[in-house]
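Welcome! Please take a moment to look over the sequence and the 3D view before reading on.

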Amino acid sequence: MTDYIIAIDQGTTSTRAIVFDHSGSIVSTGQLEHDQIFPKAGWVEHDPKQIWDNTREVIGQALSKANITRHNVKAVGITNQRETAVVWDKNTGEPVYNAIVWQDTRTQAIVDRLSEDGGAERFKDTVGLPLSTYFAGTKIVWILENVEGARERAKSGDLLFGTTDTWVLWNLTGGVDGGVHATDVTNASRTLFMDLETLEWRDDILDVFGVPKSMLPAIKSSSEIYGTVHTSSLLREVPVAGILGDQQAATFGQAAFDAGEAKNTYGTGNFLIFNTGTEIVKSKNGLLTTLGYKLGDAEPHYALEGSIAVTGSLVQWLRDNLGLIKSAPEIEELAKTVEDNGGAYFVPAFSGLFAPYWRSDARGALVGLTRYVNKGHIARAALEATAFQTKEVLDAVNADSGVPLTELKVDGGMIANNLLMQFQADILDVPVVRPVVAETTALGAAYAAGLAVGYWADLDELRANWQEDSRWTPDLDSAERDRQYRNWKKAVTKTMDWVDEDVQ
């Protein structure tokens with residue numbers, strides 16, 4: 001009987017279950033999108049119950065397509081949209097409010113209030129993160145302050161918090177019937193509450209935020225058996241043995257296990273992670289210090305991260321809000337109808353600017369417009385925005401690490417876009433490399449789970465699985481590269497200082 005690992009990839013736009021074999025190849029996939037809820041400008045929500053229902057269904061899809069049962073599955077791994085916050089009643093399993101998504105900016109007033117004493121970097125030395133609407137901690141505060149009765153129920157010990165890995169794990173292992181309330185170090189490091197050195201929740205920071213510690217999940221490693229799937233599931237009694245936040249999972253799936261290795265994921269947003277090994281490197285250039293992974297009892301590995309809020313979601317916006325294209329892949333064909341951007345630059349600061357600026361007062365801008373610009377130029381400018389934002393983050397990584405990156409491993413949905421990948425290589429002036437298995441996020445979660453149960457022996461076995469599929473090399477004149485980047489930097493300045501108290 002052939003054995004497999006299943007990864008549950010609970011992402012921003014969909015939930016997937018992917019069956020992997022021992023070579024790290026995909027055997028089957030189940031996938032369902034969930035609703036994107038926008039109650040107000042800047043607010044982004046998901047329905048946690050819909051996410052859990054979809055999770056159960058995609059597991060069934062994946063098993064059916066692979067023609068296997070639970071007896072063929074050695075372990076389950078979970079990866080997830082990291083900073084998205086769910087608060088639910090432990091007695092009923094009912095969420096007290098929709099999940100507040102990582103892109104959501106409603107908590108700016110809370111960020112401002114917490115920043116009054118010590119500024120936005122008040123806790124950064126301890127947790128590696130600036131105060132920002134991006135992270136889960138302020139979202140919990142908003143729920144406690146705005147959902148009727150939530151604070152009282154939290155104080156009485158009835159409410160639980162989790163990022164979506166925790167929500168899926170709790171439900172998968174039984175929910176109200178003994179569900180495991182835990183998360184891993186990578187997700188815990190995105191809350192604003194975890195000490196990077198001790199890997200424990202900080203009581204003093206929780207007190208400042210006013211969040212009861214009883215709400216928080218236990219912090220575990222990224223690769224260990226947390227519990228087994230409940231008997232009500234198709235995967236009953238299979239161990240759940242790996243959890244990694246989506247960007248750390250993609251790094252793990254790229255076999256970037258050692259200091260100096262990096263990857264860039266092109267998804268809803270872009271996330272470049274640079275492995276700093278067992279050393280905590282504190283950024284001086286606008287990057288986040290975060291957990292890379294921790295395998296069982298071994299030492300944790302840390303990373304520098306550059307987070308970009310809007311990349312693939314800009315293509316979705318052009319499709320869904322403007323109707324410029326009918327499907328996401330059409331963006332490449334439309335961009336190919338012109339030779340350059342026609343002088344147009346698109347800075348998609350829809351949720352403010354993330355790394356390296358951290359400007360929540362920014363909003364999106366399309367600049368450099370003339371009568372010459374057409375929809376092809378706008379499509380091209382949208383793709384180029386992804387590459388320009390990545391260069392800004394990579395420049396910061398190079399400055400912090402002191403070791404210039406010599407090539408960039410890439411993954412995520414947008415890497416199918418050859419025009420974008422070539423422009424990325426051109427603007428970075430380093431080769432861009434795509435692996436054979438592009439679904440590295442789910443693969444990383446599968447690897448973490450498989451290591452915990454002995455399905456894979458060690459990291460060397462995982463390294464041997466990695467294979468190069470395509471490589472793009474730079475082919476742009478240096479003077480032209482500098483000119484375009486200079487104009488991009490100018491365009492970014494036009495997005496700032498937009499949000500006033502009466503402007504969302």
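Below is a short tour of the sheets, helices, cores and annotated sites.

## Before we start

This is a predicted model, in which local features need pLDDT of at least 70, side-chain atom pairs count only at pLDDT 80 or more, and totals for chains, interfaces and linings use all residues. Residues are numbered from 1 along each chain as its sequence is written, and side-chain values use heavy atoms, with hydrogens and water left out.

Helices (H or I, at least four residues) and strands (E, at least two) are DSSP runs, numbered from the N terminus. Two strands pair if DSSP finds at least two bridges between them.

Let us begin with an open sheet whose 6 strands come in the order 3-2-1-5-12-11, with mixed pairing. Strand 3 (26–33) and strand 11 (223–228) stand at the edges with a single partner strand each, so one side of each has no neighbour in the sheet. From one strand to the next, the twist averages 25°.

Within this sheet, strand 5 (residues 73–80) and strand 12 (residues 239–245) pair in the parallel sense over 5 bridges, and V76 stands opposite V240 in strand 12. Helix 6 (residues 164–172) packs on the sheet and touches strand 1 (4–10), strand 5, strand 11 and strand 12. The direction of helix 6 makes about 145° with that of strand 5; such angles run from 0 to 180 degrees between N-to-C directions, with axes as lines fitted to C-alpha atoms, for helices over the stretch in contact.

## An enclosed strand and an annotated site

Next comes strand 6 (residues 85–89), where 5 of the 5 residues are buried, so the strand is largely enclosed by the rest of the structure. Buried means under 20% relative accessible area, exposed over 50%, and partly exposed in between (1.4 Å probe, protein chains only). A85, V87 and D89 cover one side of strand 6, while V86 and W88 are on the other. Strand 6 runs antiparallel to strand 8 (residues 159–163), and 5 bridges join them; the bridge partner of D89 in strand 8 is L159.

Leaving aside neighbours within four places in sequence, the contacts of E83 (heavy atoms within 4.5 Å) include Y134, K139 and R190.

## Helices and nonpolar cores

Helix 2 (residues 108–115) and helix 4 (residues 136–146) pack at an angle of about 110°, with their axes 9 Å apart. That makes helix 2 roughly perpendicular to helix 4; angles under 35 degrees count as roughly parallel, over 145 as roughly antiparallel, 65 to 115 as roughly perpendicular and the rest as oblique. Here I110, V111, R113 and L114 in helix 2 meet T138, V141, W142 and E145 in helix 4.

A nonpolar core is a set of buried Ala, Val, Leu, Ile, Met, Phe, Trp, Tyr and Cys residues joined through side-chain atoms within 4.5 Å. The largest one has 104 residues, and F193, F209, V211 and M215 touch the most other members. Helix 12 (residues 375–401) supplies the largest share of this core, 11 residues. A second, separate core of 32 residues includes Y4, I68, V229 and V240.

## Towards the C-terminal part

UniProt's unreviewed entry annotates residues 263–452 as "domain: Carbohydrate kinase FGGY C-terminal". Over residues 263–452 the chain is 35% helix and 21% strand.

Another open sheet has 7 strands in the order 15-16-14-13-19-20-21, again with mixed pairing. Its edges are strand 15 (288–293) and strand 21 (468–472), each with a single partner strand, so one side of each is left without a neighbour in the sheet. Strand 19 (residues 408–411) and strand 20 (residues 432–435) pair in the parallel sense over 2 bridges, with L408 opposite V432.

Technical notes: UniProt positions renumbered as here; feature names shortened; annotations may be inferred.
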